[in-house]
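Could you walk me through this structure in plain paragraphs? I am new to it and would like to know what to look at and in what order.

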Amino acid sequence: MAPEKDSNGVSNYAFTIEKRFCDLPDTKHGEESDSSLHGDSNKLAYCVTDVPPWYLCILLGIQHCLTAFGGIVAIPLILSQGLCLHHDGLTQSRLISTIFFVSGLCTLLQVTFGIRLPILQGGTFTLLLPSMAMLSMPEWTCPAWTHNASLVNTSSPEFMEVWQSRMRALQGSIMVGSLFQVFIGFSGLIGLFMRFIGPLTIAPTIALIGLSLFDSAGTSAGYHWGISAMTTSLIILFSQYLRHIPVPFPMYSKDKKLHTSRVYVFQILPVLLGVSLSWLVCYIFTIYNVFPTDPDQYGYRARTDLKGDVMSQAPWFTFPYPGQWGVPTVSLAGVVGILAGVISSMVESVGDYHACARLSGAPPPPKHAINRGIGIEGLGCLLAGAWGTGNGTTSYSENVGALGITKVGSRMVIVASGVLMVIMGLFGKVGAIFTTIPSPVVGGMFLVMFGVISAAGVSNLQYADMNSSRNIFIFGFSMFSGLVIPNWILKNQKAIATGVVELDQVLQVLLTTSMFVGGFFGFILDNTIPGSKHERGILAWNKAHEDDSSNTLESGEVYNLPFGLSSYSSSSSWLRFVPFCPPGVSTSLESDALEPKRPLGHPEPPQLIIGVTL
């Protein structure tokens, strides 16, 4: 993302780093670059294979953790509603610690053995929807007494069995469903999948992820609309109106000694700043009893002392481990629903790989690297299911956007982020802190986050010809069906009665998952209704992922396996035909995958709405 110039001529960098730069092409397909972009404004401070100083790795690693904070924390908070954990803040804190730990572990696996690009792994909303659809089935509906705080004894065996039985069913479904992603990735079949999936399939699928979560956002925000509106306004203020305003921070370097450097804090951390300020206001209002103390009065859920005992009860250190909630169970309906989410996650990740490569000064990822990346993501979902996060993992678009802001594309920064998230998962107090965020503050964050996810899905239509009545029909029908059918099924759950209980459960989960319904209709109609590849947007979609620069790092330096594994695979004739192994390469290319290089990169792709806004 090319930085803009302020009126005072300051380049729009998140951090001012006086190092050598990796050039990025100024033009693409002969287009003239903007006159305001000149000098160092289109260069990388560190490319994908560079190793920045350790303190910079830690600093930028913390930034990436904070950038992913909203998505990682939101998932267990939403999932706790379906797990009957409305009034069990201690267990919610354990879920948050677990998802931080697993996200860090999967990030390290992806950067080391997967796609090997600076891309962060975290919880995914594509698996959240089928999970919530599964938990909405009659047999998993929360008992009425779990909604009453006075009747809930969080340490009683009865209550623990209520939520742990649901979690175990989710774990088994996620673990079995993730095996499909592992197979698709390591077998190289992802290329075959992408051949039939275009913008008219992806747009309704991603857009309906955000739109179908409107009820969660509305419920949380409705506990106090004033606090929710303040949170939303602050996030919008920081991310849109103040993002180009630098804030001076004191810094020290050997050359300049103690000096001030301008940091674009509002551009980097708008969600964290907005949530923190609203959280602080709620804390002050709670101290002075501005909010009511009666649970039945409006505004009570905005108090910050509702889960005050969580901080004292949460242990300082905790170690998440596989099977901590018991032995996972498998549900056929849950597995089929998770498969729909897994397919959506794979499609989204392939786009993130290409975007990340361009922003980090790397060549477009070759087939073997994409296969390996998807396979490792499937392995990450398997680990997330085993550890009991109630979710899987996927590549984070928000952090891909952060690469364009900081102009630091080194994968060692993401390694530092992975280590930091693992450490955060080991400190129980960290997860406990996040559970004390008042519901209206969370609701205000959801209003922005889910809206951006919906818009990011719709943005894929830029590749298709939306002057075509064919495309308008496909998108409109897919979107509307994805909203109508799940809503009707949820209100008429006894309508599906085929006589086969397992089939009823499968249909129940699939037809109440908006993302599946909309994506299914988009896929079928786009591949059956006659239309040229140009009209469907397939040509423009593929063109956006072309390698249009020959002055880049050799693929082997970026995407080869570490620790000499690529040398071994190239020396074995049969391993060269394995889809996730690199082809024969020169050993000089992999002598040290982290040696500082000076590649030419790619310009930023046009589709990074989530990363830019959040």
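Cysteine 142 counts as buried, because its relative accessibility is 15% and the cut-off for buried is under 20%. Keep in mind that this is a predicted model. Which residue does cysteine 142 pair with? Its partner is cysteine 84, and the two form a disulfide with their sulfur atoms 2.1 Å apart. In general, a disulfide is a covalent bond between the sulfur atoms of two cysteines. A search of the whole structure turns up one disulfide. The two cysteines sit 58 residues apart, so to speak bridging distant parts of the chain: cysteine 84 is in the loop between α2 (69–82) and α3, and cysteine 142 is in the loop between α4 (125–135) and α5 (157–187). The torsion about the S-S bond is about -100°, so this disulfide is left-handed.

Stay with cysteine 84 for a moment. Cysteine 84 is buried, with a relative accessible area of 1%. Its backbone also deserves a look: phi is near 65°, a positive value in a residue other than glycine. Most residues other than glycine have a negative phi. Arginine 116 is another example, with a positive phi of about 65° although it is not a glycine. You will find arginine 116 in the loop between α3 and β3 (121–122). Is arginine 116 buried or exposed? Arginine 116 is buried, because its relative accessible area is 5% and anything under 20% counts as buried.

Cysteine 65 is buried, at a relative accessible area of 5%. Cysteine 106 is in no disulfide; the nearest cysteine sulfur belongs to cysteine 381 and is 7.6 Å away. That distance rules out a disulfide, because the sulfur atoms of such a pair must be within 2.5 Å. Cysteine 106 is buried as well, with a relative accessible area of 3%.

Next, turn to helix α3, which covers residues 89–113. Serine 97 is found in this helix, and it is buried, with a relative accessible area of 3%. What does serine 97 touch, once its neighbours within four places in sequence are left aside? Its contacts are Thr318, Pro320, Gly425, Phe427, Gly428 and Gly431.

Leucine 170, in helix α5, can be read in the same way. At 0% relative accessibility, leucine 170 counts as buried. Leaving aside neighbours within four places in sequence, leucine 170 is in contact with Leu79, Leu83, Ser131, Met134, Leu135 and Gly390.

Now follow some helices from end to end. Helix α1 (residues 54–67) has 14 residues and reaches 20 Å from its first C-alpha to its last, close to the 20 Å expected at 1.5 Å a residue. Its buried residues are Leu56, Cys57, Leu60, Gly61, Gln63, His64, Cys65 and Thr67. Helix α13 (residues 332–359) has 28 residues, which should span 40 Å at 1.5 Å a residue; the end C-alpha atoms are 41 Å apart, in agreement with that. Helix α13 is mostly covered, with 23 of its 28 residues buried. After α13 comes glycine 361, whose phi is positive, near 75°.

Leu277, Leu280, Tyr283, Ile284, Phe285, Ile287, Tyr288 and Val290 make a nonpolar surface patch of about 790 Å². Leucine 280, one of these residues, is found in helix α11 (residues 270–287).

Finally, step back to the whole protein chain. Its secondary structure comes to 26 helices and six strands. Of its 614 residues, 57% count as buried. Among contacts between residues at least 6 apart in sequence, 83% join residues at least 24 apart. The accessible surface of the chain comes to about 24800 Å², and 64% of it belongs to carbon and sulfur atoms.

Notes. Residues numbered from 1 in each chain as written. Predicted model: local features only at pLDDT ≥ 70, side-chain atom pairs only at ≥ 80, totals over all residues. Heavy atoms only, no water. Helix = DSSP H or I, 4+ residues; strand = E, 2+ residues; numbered from the N terminus. Buried < 20%, exposed > 50% of the residue type's maximum accessible area, 1.4 Å probe, protein only. Contact = heavy atoms within 4.5 Å. Expected span 1.5 Å × (residues − 1). Patch = residues over 30% accessible without salt bridge, like charges linked within 9 Å, V, L, I, M, F, W, Y side chains within 5 Å. Areas by Shrake-Rupley, 256 points an atom, 1.4 Å probe, with all protein chains shown as cover. Salt bridge = Lys/Arg side-chain N within 4 Å of Asp/Glu carboxyl O.
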